[in-house]
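Please take a moment to look over the sequence and the model before reading on. The paragraphs below then lead through the fold step by step.

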Amino acid sequence: MEETTPEARQKTPDILIVDDTPANLQLLTEMLKKRGYRVRPVPGAKLAIQAIQKEKPDLILLDINMPEMNGYEVCERLKADETLKDIPILFISALDETIDKIKAFAAGGVDYVTKPFQFEEVEARVQTHLKLHQLQIELESRNRQLQESNDQLRKLEELKDNLTDMIVHDMRSPLIGITGILGMLERDAGNKLSADEQVMLSDSRSSGLVLVGM
């Protein structure tokens with residue numbers, strides 16, 4: 001049998017199943033493994049939290065009724081963790097009461113699967129929420145890229161404005177000097193110049209003053 005490469009394993013969705021009933025754990029594990037998922041079965045809540053903190057899964061199937069800590073408590077603890085809160089959690093339970101579904105969604109779960117399992121239903125819900133989770137990751141990544149692009153554009157605008165201010169400052173002083181000299185020439189040497197030369201001198205000083213104003 002061909003060995004799976006690390007790169008291939010990274011692309012395979014990682015599903016963590018938490019259930020204190022061995023038969024349910026085995027059934028779900030076999031179901032999902034046959035569909036090519038990487039499955040990590042965990043028989044208890046505390047072990048599940050440790051496993052999740054050690055390696056973040058792409059999706060969690062979480063039993064509600066467990067002795068040491070129920071699924072609602074596990075979910076609330078994960079949602080309180082900034083690094084784990086985005087993992088989609090599907091609750092699994094033999095209960096099918098409306099109040100239990102309300103609790104599941106209030107705790108942070110994205111869906112609810114009841115026992116006995118219908119594999120087509122489980123697979124459809126798993127695929128849907130894995131896809132939604134991937135789309136969310138891609139959207140957040142694009143938003144970060146857009147924000148980075150906006151930040152870079154803002155920095156470029158600031159650099160452009162600073163450069164413009166520097167150029168204006170550097171040009172203003174010599175332009176004032178030039179227009180001042182032209183004004184002196186216009187006053188002192190006017191009688192020594194022809195009419196056309198006086199017009200050119202006046203136009204030059206006027207153009208210089210326009211540049212200073214700009």
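Residues are numbered from 1 along each chain as its sequence is written, and side-chain values use heavy atoms, with hydrogens and water left out. The mean pLDDT (the predictor's confidence in each residue, from 0 to 100) is 83 for the protein, and 90% of its residues reach 70 or more. Over residues 1-9, however, the pLDDT is below 50, and this stretch has one contact in the model beyond near neighbours in sequence, where contact means heavy atoms within 4.5 Å. Where pLDDT is low, the predicted coordinates should not be read in detail.

Helices (H or I, at least four residues) and strands (E, at least two) are DSSP runs, numbered from the N terminus. Strand β1, residues 14-18, pairs with strand β2, residues 38-42, in the parallel sense over five bridges; two strands pair if DSSP finds at least two bridges between them. Within this pairing, Leu-16 stands opposite Arg-40 of β2.

Arg-40 is buried, with a relative accessible area of 15%, given that buried means under 20% relative accessible area, exposed over 50% and partly exposed in between (1.4 Å probe, protein chains only). The side chain of Arg-40 is joined to that of Asp-14 by a polar contact of 2.9 Å, that is, a pair of N or O atoms within 3.5 Å, where within protein one must be able to donate a hydrogen and the other to accept it, and residues adjacent in sequence count only if both atoms are side-chain atoms. A polar atom of the Arg-40 side chain also lies 3.5 Å from the backbone oxygen of Ala-51.

Ala-51 belongs to helix α3 (residues 45-54), where Ala-45, Ala-48, Ile-49 and Ile-52 are buried along with it. Seen down the axis of α3, these buried residues fall within an arc of 165 degrees (taken from the directions from the helix axis to the C-beta atoms), so they line one face of the helix. The buried residues of α3 pack against β1, β2, β3 (59-63) and α4 (71-79), whereas the face turned away from them carries the exposed Gln-50, Gln-53 and Lys-54.

Finally, His-129 is found in helix α6, residues 119-188, and counts as buried at 11% relative accessibility. Its side chain makes a polar contact of 2.8 Å with the side chain of Asp-111.

Terms used: Predicted model: local features only at pLDDT ≥ 70, side-chain atom pairs only at ≥ 80, totals over all residues.
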